[in-house]
Amino acid sequence: PPRVPCPLQTFNTSNVTKLCPDAQCLFAFYGGETAYHKYLIVLQFFNVFMFFWLANFVIALGQVTLAGAFASYYWAFKKPDDMPAFPLFSAFGRALRYHTGSLAFGSLVLAIVQVIRVTLEYLDHRLKAAENKFAKFLLSCLKCCFWCLEKFIKFLNRNAYIMIAIYGTNFCTSARNAFFLLMRNIIRVAVLDKVTDFLFFLGKLLIVGSVG
C-alpha cells in the first residue's frame, strides 16, 4: 500500500481509515528502547573510565621509558661501552615486554580515583540548585580529599615506575620501596623534585622553540 502521512491526533477522523480499514497509526517512542539505549549511561561511564585508564597507561609508559634510558646511562660502568646503542628504544622495548602489567595496574589505580573525582564533580553540578548546605559541604570535603589522593598517587606512581625501570620488580613492590625511600630522604626529594621539574620545563621550552 502507498505510504501516507500519519498524524496521530487526527488519524481516526481522517479519510485513511475509510480507504484502508486495517490501517493503524501507533506511537512508537521518543529516543530509543533498545538494549543500547537502556545502558547508555553505563556505556558512557565505561568510556570515560577507559579513557582515563589508557591515558594514564600512555603516561606511565613514557615515564618508565625515560627512567630506563636514564638508568642505562647512570648505571653503565664504562661509558659509553656499557651503554646500549639506542637507550631510549631499548628502554621502550623493555617496558613493553616486561612491565606492561605493572603499568596497567598502576594506571588502573589512578583511573579509579579520577573517575570518582569526575563523579563527585557531576554530583556537585547537579546539586548546585539545591539548598542543602550539608551536602555541599560534604561534597567539597570529598573533592578536596580525592584531589589530594590523586596528587599523591601520581607522585608515588612516578617514583614506583622509576624503581620498576631500575630493578624490574612488580608495581606493588616498587611502590613500597619507593615510598620508604622517599620517607628516608624527604628533604632531598623535595629539593630534587623542584630542580628536575625546572629542568624538564626548560627542556620543553627548548623543544617547542626548536620546532617553532
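1. Leaving aside its neighbours within four places in sequence, which residues is Val-64 in contact with? They are Ala-95, Leu-103, Tyr-161 and Ala-165, where contact means heavy atoms within 4.5 Å.

2. A word on the model before going on. This is a predicted model, in which local features need pLDDT of at least 70 and side-chain atom pairs count only at pLDDT 80 or more, while totals for chains, interfaces and linings use all residues. Residues are numbered from 1 along each chain as its sequence is written, and side-chain values use heavy atoms, with hydrogens and water left out.

3. Val-64 also belongs to the largest nonpolar core, which has 13 residues; Val-64, Leu-103, Tyr-161 and Phe-171 touch the most other members. Such a core is a set of buried Ala, Val, Leu, Ile, Met, Phe, Trp, Tyr and Cys residues joined through side-chain atoms within 4.5 Å. Buried means under 20% relative accessible area, using a 1.4 Å probe and protein chains only. In soluble globular proteins, nonpolar side chains tend to be buried together.

4. Which elements give two or more residues to this core? They are α3 (40-74), α6 (133-167) and α7 (171-184), and α3 gives the most, with five residues. Helices here are DSSP runs (H or I, at least four residues), numbered from the N terminus.

5. Now look at Glu-150, in helix α6. Glu-150 counts as buried because its relative accessibility is 7%. Its side chain makes a polar contact with the side chain of Arg-117 (2.5 Å); that term means a pair of N or O atoms within 3.5 Å, where, within protein, one must be able to donate a hydrogen and the other to accept it, and residues adjacent in sequence count only if both atoms are side-chain atoms.

Key. Buried < 20%, exposed > 50% of the residue type's maximum accessible area, 1.4 Å probe, protein only.
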